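I opened this model to look up its strand pairing and its nonpolar core. My entries are below the display.

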Amino acid sequence: MEWLTKYPDRFVRECAELDKLAQEVDWLTLLWSLTTDGLEVQLDMTVHGSIYKARMGYPAVFPHAPLYIRPRDPSERWSNHQFGPGGSLCLQWRADNWNSEVTGAEIIRSAYELLHIENTPVTPGVVPS
C-alpha cells in the first residue's frame with residue numbers, strides 16, 4: 001500500500017473513476033477492502049445473468065505495476081484467458097504492455113468485456129490473445 005502515501009492524488013482518482021463506473025453501469029457493484037495482501041476492491045459483475053464475484057488487487061508498487069482481477073473463490077475458472085483456477089484474468093493491460101495511466105475502472109471494463117464475449121450463453125465468442 002506504499003503507493004497510497006506516495007501518490008494520494010492517484011488514490012483519489014481511482015476512487016472517483018470506480019464510483020463513476022459503478023454509477024454508469026447496471027452490471028457492477030464494488031466495495032473497497034484492506035486485506036493481508038493490501039488494498040483490494042471486491043467486485044460483483046453480472047454478465048448474462050451470472051454473477052462473477054471477483055477481487056481487483058492493487059500491488060504495492062501501483063501505478064508502476066498492473067492491477068489484477070481474480071475470482072474470490074480460488075477454485076473458479078471463468079475464462080480461457082485466465083491463469084488457472086482462481087488465477088488472474090489476462091486482460092488488455094498486463095505486465096508486458098502496462099501503462100501507469102490505466103485505471104482500475106478500465107481494468108474492470110476489460111474484465112467485463114472478456115467475460116461478456118466468452119460466456120455468451122448461446123454462442124460463446126472467442127477473444128483473441
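These notes go from the strands to the core.

Entry 1. I am working from a predicted model.

Entry 2. I began with strand 1, residues 28-35. Strand 1 pairs with strand 2 in the antiparallel sense, and I find eight bridges between the two. One pair I looked up is Leu-34, whose bridge partner in strand 2 is Leu-39.

Entry 3. I then followed strand 2 to strand 3. These run antiparallel and are joined by eight bridges. Leu-43 has Ala-54 of strand 3 as its bridge partner. Two residues lie between strand 2 and strand 3 in their hairpin. I checked the turn and found that His-48 has a positive phi of about 50 degrees.

Entry 4. Is strand 2 mostly covered or mostly uncovered? I count eight of its ten residues as buried, so by the under 20% relative accessible area cut-off strand 2 is mostly covered.

Entry 5. Next I looked up the largest nonpolar core, which has 30 residues. Those with the most contacts inside this core are Met-45, Met-56, Tyr-58, Ile-69 and Ile-108. Helix 2 (8-24), strand 2 (38-47), strand 3 (50-57) and helix 3 (104-118) each give two or more residues to this core. Helix 3 gives the most, with seven residues.

Entry 6. Which residues does Met-45 contact, leaving aside its neighbours within four places in sequence? I list Trp-27, Leu-28, Ser-50, Ile-51, Tyr-52, Ala-54, Ile-108, Ala-111, Tyr-112 and Leu-115. Of these, Ala-54 is also the bridge partner of Leu-43.

Terms used. Residues numbered from 1 in each chain as written. Predicted model: local features only at pLDDT ≥ 70, side-chain atom pairs only at ≥ 80, totals over all residues. Heavy atoms only, no water. Core = buried A, V, L, I, M, F, W, Y, C linked by side-chain atoms within 4.5 Å. Buried < 20%, exposed > 50% of the residue type's maximum accessible area, 1.4 Å probe, protein only. Helix = DSSP H or I, 4+ residues; strand = E, 2+ residues; numbered from the N terminus. Contact = heavy atoms within 4.5 Å. Pairing = 2+ DSSP bridges.
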